[in-house]
Amino acid sequence: MGTHHGKVALVTGGARGIGEAMAEMLVSGGAQVVVADLSASGAQEVSERLGENCFPLTVDVTDESAVVEMVAQVVSRFGRLDYAFNNAGISDAPQRLVDFEAASWHRMIEANLTSVFYCMKHEIKQFLTQDLRDDRRGAIVNTSSGAGVIAAPGQPHYTAAKHGVLGLTKVGAQEYGAEGVRVNAICPGVTDTPMLNESLPEEVLAQVLKTMPGGKIGRPADVAAAAVWLCSDEARWVNGQSLIIDGGGIVR
Ligand SMILES: NC(=O)c1ccc[n+]([C@@H]2O[C@H](COP(=O)([O-])OP(=O)(O)OC[C@H]3O[C@@H](n4cnc5c(N)ncnc54)[C@H](O)[C@@H]3O)[C@@H](O)[C@H]2O)c1
């Protein structure tokens, strides 16, 4: 029986990259996992690959009513929610701050910060309806970034959104910790996912690699392993924290 047997997990942005790796680890640990993504076909493919304990769900996490429906669907199928990995996000082409149009700013903040607020709001509401199990009701892990800790030049909106995710994480932990809800965050460094390959020009990636230990980037599974642990009961006394997972690239 796996460590996560009997747990119900929700993974947003689970159709590929870090979210897909997270879904895979949770399924192999015995959890029932809902892969929620904007890409219906991507969520379907991942669910088929991961087998009978993985379920696809189409959602746009920038739409609060869709987030309400997402949580409701999880609860109607499984009766509860134990782990929520708020991971869906987008990237954007780098530019200097003065060159960004307001529309790009708003799109990024909606996708990478407001969406996390919507998810936390409705996941925590659900947790608070659940009975305590060994002093716990549920755990959230939000995906921030190295750009949630230090500046990513060329990405003012991404940097602001990911710093904001850490703020939300701390508030969630302090407001609900006493009620059996934990909220932590992961801050991945540069990780080998479709997002990276689509958004980072090769010359920028080459520069970034020079700053990475051994000139290497992380794998999705390297990042997901930390998120799985933060969700798990083993991390029961860890709350409001952000864990940088980047091989030591931005030690502060
Ligand atoms: N890859 C990296 O180097 C890196 C570094 C730091 C942080 N991150 C963060 O990790 C998270 C996952 O990134 P990834 O690299 O795996 O990206 P990815 O693009 O490979 O996967 C992201 C997934 O999120 C989904 N998604 C995007 N917007 C959505 C929405 N509105 N509603 C529902 N689903 C949506 C996409 O369809 C996609 O399947 C993101 O929050 C990203 O900012 C990534």
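**Sheet and ligand shell**

Colleague: Over how many bridges do strand 6 (residues 181-188) and strand 7 pair in the parallel sense?

Modeller: This is a predicted model, in which local features need pLDDT of at least 70, side-chain atom pairs count only at pLDDT 80 or more, and totals for chains, interfaces and linings use all residues. Residues are numbered from 1 along each chain as its sequence is written, and side-chain values use heavy atoms, with hydrogens and water left out. Helices (H or I, at least four residues) and strands (E, at least two) are DSSP runs numbered from the N terminus, and two strands pair if DSSP finds at least two bridges between them. For strand 6 and strand 7, the number of bridges is four.

Colleague: Which strands stand at the edges of the sheet?

Modeller: The open sheet has seven strands, paired in parallel, in the order 3-2-1-4-5-6-7. A strand with a single partner has one side left without a neighbour in the sheet, so the edges are held by strand 3 (54-58) and strand 7 (242-245).

Colleague: What angle does the direction of helix 4 (residues 102-129) make with that of strand 5?

Modeller: Axes are lines fitted to C-alpha atoms, for helices over the stretch in contact (heavy atoms within 4.5 Å). Angles run from 0 to 180 degrees between N-to-C directions. Helix 3 (residues 64-78) lies across strand 1 (8-12), strand 2 (32-37) and strand 3, at about 155° to strand 1. Helix 4 touches strand 1, strand 4 (83-86), strand 5 (138-143) and strand 6, and its angle to strand 5 is about 175°.

Colleague: Which residues come nearest to the ligand?

Modeller: A residue counts as near if one of its heavy atoms lies within 4 Å. The shell divides into 12 nonpolar residues (Ala, Val, Leu, Ile, Met, Phe, Trp, Tyr, Cys, Pro), four charged (Asp, Glu, Lys, Arg) and 11 polar (the others, Gly among them). Of the 27 residues around the ligand, those that come nearest are Arg16, Asp37, Tyr158, Thr191 and Thr193.

Colleague: What share of the ligand's exposed area does the protein bury?

Modeller: Ligand oxygen atoms lie 2.6 Å from a side-chain N or O atom of aspartate 37, 2.8 Å from a polar backbone atom of asparagine 87, and 2.5 Å from a side-chain N or O atom of threonine 193. Taken alone the ligand exposes 820 Å² (Shrake-Rupley method, 1.4 Å probe). The share of this area that the protein buries is 93%.

Terms used
Polar contact = N/O pair within 3.5 Å; in protein donor to acceptor, adjacent residues only side chain to side chain.
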